[in-house]
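Please load the model in your viewer and keep the selection tool ready. Here is a short tour, stop by stop.

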Amino acid sequence: MKTSLIALAVFAGFAQSALAAEIPAPSQIDAVTVYPEGADVTRLVEVKVAADDSTLVINDVPQSADAQSIRVEGVAEGDVSITSVDSKLVRDGAEGLDATRKKLNERIEALQDERSGLDQLISDKQAERNLLLTLAQHPIDGKGENAKPLDASAIDTLVGTVSTRLAESSKAIQDSHQRQRAIDKEVAELSAQMNEQSPEKSAHLQVKVHVHAAKEAQAQFKVTYRVPEAGWHAFYDARLSLPKAGQEAKFSLVRQAEVMQRTGESWSNVKLTLSTAAASGAAEAPTLDESEVAIWQPEPLAARKAKATGGVTLERNAPASAPAMNADQLIAKDDKGEADALAPVSTQQAEIQQAGFTAQYVIAARRDVDNLGTAKAVRIDEEELPAKLSVEAVPRLDANAYLTAAFMAKAEAPLLAGPVHLFRDAAYVGAVNMPELAGGEEAKLGFGVDDLVKIKRAEVKRLTAEEGILSTSNTQEMGWLISVNNLHDVKMPIRILDRKPFSSDEKILVSERADNTPASVTDVEHKRGVLAWDLALDPKAKAEIKTGYKISAPKDVRLSLVD
């Protein structure tokens, strides 16, 4: 049996012979590739094509589909070729739509009536319970002067009867509440179905595939198109296990995705692929024009008058636009290509590679994604990555030390921007946002307060005075002692940040105290006066940092205390 590949990249529809038989071709969604914005949907059509010319009519494509994105290809048992593809927007019959909505509305009204009846039943049963409880509290026989307490046997009978009736009432009330919950759920589902049948969605894109076959043959076609109202975004779980003595920290990154769509069709049991490719505002770098420096010349008087009167000068000999290719020319090209239509037809395809910031993730199992905008969470992968732990603290502002894990993104796939949920030793510690990361790029995630690093900052010097005998000056001197204690079972890198004031005025002199601990980095991140001390403390080790400064200025200059 001979199988040929048939395909066509479609950019326009052409007229087809009126004698071609139209064959209804129902289709079903087989695969969807979802981008951060938009999706490509692939439908499968199984059909038997007639000998000579025939037209396959596909009515399953939603109206939101981009008609220019439609592509058709297929395989067949025999010599089959696609001659052209047409598409047009078809308004659905209002009668069928109204009948469906009417049926759904009748069902909703019936359920609402049933729910109202259950409300009354619950109320009646509650009243019955109250009456039974009242009788049980006042067991008497007779009325008025003849009333007397019931004897023991009568009380036993009354208690048994009340208990049985109370149990029946409780059961009826419980069953009614359960039924009401079921009614509420069914009404919500029916309302969603009515929304899908809303009048603005009462149209579809009709696709007609014109084919030519040497003889009757069984064929399978793929119809692919782009829809805009779909997308996905990444989110992550970052899990960190702190190291014990002689061990390394364990860090894993779970990559997940949320897929949502409102395309006018539900994706049921589809092969789902997520692509990181995103359409940008421009496809190429902007054009840089020339920039000429010239001597300024006053504008001619005639030109100034033309501007003042709103006059417009027309350029002559404007170049004519290129003539558009007409339909006859296009058809002529196709006719030339159909000279050997009975031979197997194939389409050259570009080689797909991961490059730069683009990757595709093929989800392992088939999935369902409804058309109601429900977020479908799917797991992409989990990676065990080496992580470098460090602790950072700014004791001037916060007495806590904060744990940070630095890791390198793997080179084979990018990490898209998204929220990261943080877990430290299986406990949830918060969430942060991660920027886009290319393969091989380093990222840092904060994992909250590190209770095993204790930091204290104490003031040891505060002085405001005048100095000098012949010429006095104002001085302010400040000093602090920062103590750091590593309670971890492993050696821990710790960075302490602080600052000293700076002056751009030569009259004001800022100097360090003689006993200061030298900083590892000055002007951190190009911030003047910001200092960092990088420590590598052994387990259970302590360290002290002395920091401070002295400010001197002329006596007639008034200074304000910085800290």
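**Before you start**

This is a predicted model, where local features need pLDDT of at least 70, side-chain atom pairs count only at pLDDT 80 or more, and totals for chains, interfaces and linings use all residues. Residues are numbered from 1 along each chain as its sequence is written, and side-chain values use heavy atoms, with hydrogens and water left out.

**Stop 1: the whole protein**

The protein has four helices and 29 strands. Helices (H or I, at least four residues) and strands (E, at least two) are DSSP runs, numbered from the N terminus. Of the 563 residues, 34% are buried, meaning under 20% relative accessible area with a 1.4 Å probe, protein chains only. Among contacts with a separation of 6 or more, 79% join residues 24 or more positions apart; a contact means heavy atoms within 4.5 Å. Now switch to the surface. Its accessible area is about 34,800 Å², and 52% of that belongs to carbon and sulfur atoms (Shrake-Rupley method, 1.4 Å probe).

**Stop 2: a hairpin**

Select residues 418–424, strand β20, and residues 427–434, strand β21. The two strands run antiparallel and are joined by seven bridges; pairing takes at least two bridges found by DSSP. Find Phe-423, then look opposite to Tyr-428 in β21. Two residues lie between the strands of this hairpin. Asp-425 in the turn has a positive phi of about 50°.

**Stop 3: the second largest pocket**

A pocket is an open set of points on a 1 Å grid over the protein atoms alone, with protein on both sides within 12 Å along at least five of seven lines; lining residues have an atom within 4 Å of a point. Select Glu-392, Lys-444, Arg-495, Leu-497 and Val-524, the closest to the pocket's centre among its 24 lining residues. The space here is about 590 Å³, counted as the space filled by probe spheres set on the points, which are joined across faces, edges and corners. Which strand gives the most to the lining? It is β25, with six residues.

**Stop 4: the cavity**

In a cavity, a 1.4 Å probe fits but cannot get out. There is one of 30 Å³ or more. The largest cavity holds about 40 Å³ of space. Select its lining, including Lys-500, Glu-512, Trp-533 and Gly-548. β28 (530–537) and β29 (542–554) each give two or more residues to this lining.

Conventions: Buried < 20%, exposed > 50% of the residue type's maximum accessible area, 1.4 Å probe, protein only.
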